[in-house]
Amino acid sequence: MRLGFRLKHHFFSAFREFFVHHHGSIEFRAKIFALVITANDNLPLECYEVVKDIGMNIYNGNEERSDLLVITTKELIQKGKDNNFDTDQLIYSILKELTILPRYAKKIDIKALRALLLLSHDPDTISYQENILDFLQNIKEETLNKSALEA
């Protein structure tokens, strides 16, 4: 990542919600990525390249927003390592956001998340990540169906 972007990011990280358009959406997506990535105990560095590529597709080639997605994902993963912010807390946070903003369910792209499973080599890890993807798919469908009934 470019030095200018990194300096700007450090300044903005504390004030992200004031300076970054749709910061909540980026943070939600980062939580989804962090959930799948942290299921792999052997965290491959390539996972951030996959997040960057997916971000470039999501944000139509906007490298700055894609970089913000990667950095936010890294922050969440580091927070998990430093503060024992475990998978259950991450899931709770995702569920809470979906309750408040059901439209975020559309941001869960299982097909894109499957690319992260290709980086895992342990059958148990892959199985765990597949269970997480199944959970996310079910939550997405439930949230979208519930919001459609309420509309």
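The lining of the largest cavity in this predicted model consists, by class, of five nonpolar residues, three polar residues and no charged residues. The residues that line this cavity are Ile-37, Asn-40, Pro-44, Cys-47, Leu-116, Leu-119, Ser-120 and Gln-129. Its volume is about 50 Å³. A search of the whole structure finds one cavity of 30 Å³ or more. In general, rolling a probe the size of a water molecule over the atoms shows where empty space is left.

The overall fold can be described next. The protein chain contains eight helices and zero strands, and from the N terminus on its elements run α-α-α-α-α-α-α-α. Of its 151 residues, 42% count as buried. Among the contacts between residues at least 6 apart in sequence, 73% join residues that are at least 24 apart.

One pair of helices illustrates how such elements meet. Two packed helices are described by the angle between their axes and the distance between the axes. Helix 3, which covers residues 23-38, packs against helix 6, residues 87-100, at an angle of about 145 degrees, and the two axes lie 10 Å apart. The crossing of helix 3 and helix 6 is left-handed. On the side of helix 3, the contact is made by Gly-24, Phe-28, Lys-31, Ile-32, Ala-34, Leu-35 and Thr-38. Helix 6 contributes Thr-87, Leu-90, Ile-91, Ser-93, Ile-94, Glu-97 and Leu-98. The residues of this contact comprise eight nonpolar, four polar and two charged.

Why does Lys-52 count as buried? Lys-52 is classed in this way because its relative accessibility is 18%, and buried means under 20%. Tyr-48, with a relative accessible area of 13%, is therefore also buried.

The table sets out the values for the two residues.

| Residue | Relative accessible area | Class |
|---|---|---|
| Lys-52 | 18% | buried |
| Tyr-48 | 13% | buried |

The contacts of these residues complete the picture. Leaving aside neighbours within four places in sequence, Lys-52 is in contact with Glu-63, Ser-66, Asp-67 and Val-70. With residues up to four places away not counted, Tyr-48 touches Leu-43, Val-70, Thr-73, Lys-74 and Ile-77. Tyr-48 and Asp-67 are 19 residues apart along the chain, and their C-alpha atoms are separated by 9.7 Å.

Key: Residues are numbered from 1 along each chain as its sequence is written. This is a predicted model: local features need pLDDT of at least 70, side-chain atom pairs count only at pLDDT 80 or more; totals for chains, interfaces and linings use all residues. Side-chain values use heavy atoms; hydrogens and water are left out. Axes are lines fitted to C-alpha atoms, for helices over the stretch in contact, and angles run from 0 to 180 degrees between N-to-C directions. Helices (H or I, at least four residues) and strands (E, at least two) are DSSP runs, numbered from the N terminus. A crossing is left-handed if the near helix is turned anticlockwise from the far one by less than a right angle, and right-handed if clockwise. Contact means heavy atoms within 4.5 Å. Ala, Val, Leu, Ile, Met, Phe, Trp, Tyr, Cys and Pro count as nonpolar, Asp, Glu, Lys and Arg as charged, and the others, Gly among them, as polar. Buried means under 20% relative accessible area, exposed over 50%, partly exposed in between (1.4 Å probe, protein chains only). On a 1 Å grid over the protein atoms alone, a cavity is a set of points where a 1.4 Å probe fits but cannot get out, and a pocket is an open set with protein on both sides within 12 Å along at least five of seven lines; lining residues have an atom within 4 Å of a point. Grid points are joined across faces, edges and corners, and a volume is the space filled by probe spheres set on the points.
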